Amino acid sequence: MKIARLNSAPEIFHSLQGEGVRTGVPAVFLRLAGCNLHCRWCDTKHSWAPGLECGEDEITRRILAFGCPALVVTGGEPLLQQDALQRLLPLLPPRGEFYIEVETNGTLLPCRALAERVDQWNVSPKLGHSGNAAQDALRPDVLARFAAMENAWFKFVVAGEADWEPVAALGLPRERIILMPCAATRAELHAAAPAVVELCMRHGVRFGNRLHVELWDDAKGV
């Protein structure tokens, strides 16, 4: 498995979930290397590099050493490494004892084994301001399959009112849509949040405040 490299070490760390419906919950983070999209505002561009090769047994040891019963698999795009994830997840405690979230950009579908084991999918489709071509970043067929999963939530980074139309056009369950400000620093978050709050109130969707940015600004590995 290829893990993102941070300060010459594999990026596996203990922190609080910063986004989504489990915001604030302690979790271990496993950041995988490689991504099939390249967002201009990505705050983890270091994960685009090849990363460090690390065996599943070693990754399991590092995860369990924190003594935390929750894991967030992020990236990059984790579903580029589905074969390795299928080898890793059975080494962890079983469902009901250990909670697993996977962050994904919604362009790739998980295989059956992953779909059956993962407790929560945090799907984050990328809109036009990300700089990705729409045909690469928005896959309505894939998003429809995720929408059929009751444990999939949809997070959108939005820059303004104009972003609501492409979000609404996807036809996703509105009760599972979360809008988050486009912000990489605490100052940017504070400046952008009021407009996104208003957007959420107008359209009846959830607001996501990006707790990790609020707490640690633009620091990495937290």
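Modeller: What follows takes a few such labels in turn, for a model that is predicted.

Biologist: What makes the chain as compact as a globular protein of its length?

Modeller: The chain has eight helices and twelve strands. Its radius of gyration is 17 Å, and the globule rule gives 17 Å for 222 residues, so the chain is as compact as a globular protein of that length. Along its principal axes the C-alpha trace spans about 45 × 35 × 30 Å.

Biologist: Which share of the contacts between residues at least 6 apart in sequence joins residues at least 24 apart?

Modeller: Within the chain, 70% of those contacts join residues at least 24 apart, where a contact requires heavy atoms within 4.5 Å.

Biologist: Why are F13 and F29 called an aromatic pair, and why is the pair called stacked?

Modeller: Rings pair if their centres lie within 6.5 Å, and planes under 30 degrees apart count as stacked. F13 lies in strand β4 (residues 12-16) and F29 in strand β5 (residues 26-31), so the pair ties together parts that are 16 residues apart in sequence. By this rule, the count for the model comes to two aromatic pairs.

Biologist: How do you know whether F13 and F29 are buried or exposed?

Modeller: Buried means under 20% relative accessible area; F13 has 9% and F29 has 8%, so each of them is buried. In the chain as a whole, buried residues make up 50% of the 222 residues.

Technical notes:
Residues are numbered from 1 along each chain as its sequence is written. This is a predicted model: local features need pLDDT of at least 70, side-chain atom pairs count only at pLDDT 80 or more; totals for chains, interfaces and linings use all residues. Side-chain values use heavy atoms; hydrogens and water are left out. Helices (H or I, at least four residues) and strands (E, at least two) are DSSP runs, numbered from the N terminus. The radius of gyration is taken over C-alpha atoms; the globule rule is 2.2 Å times the number of residues to the power 0.38. Buried means under 20% relative accessible area, exposed over 50%, partly exposed in between (1.4 Å probe, protein chains only). Rings of Phe, Tyr and Trp (its six-membered ring) pair if their centres lie within 6.5 Å; planes under 30 degrees apart count as stacked, over 60 as edge-to-face and the rest as tilted.
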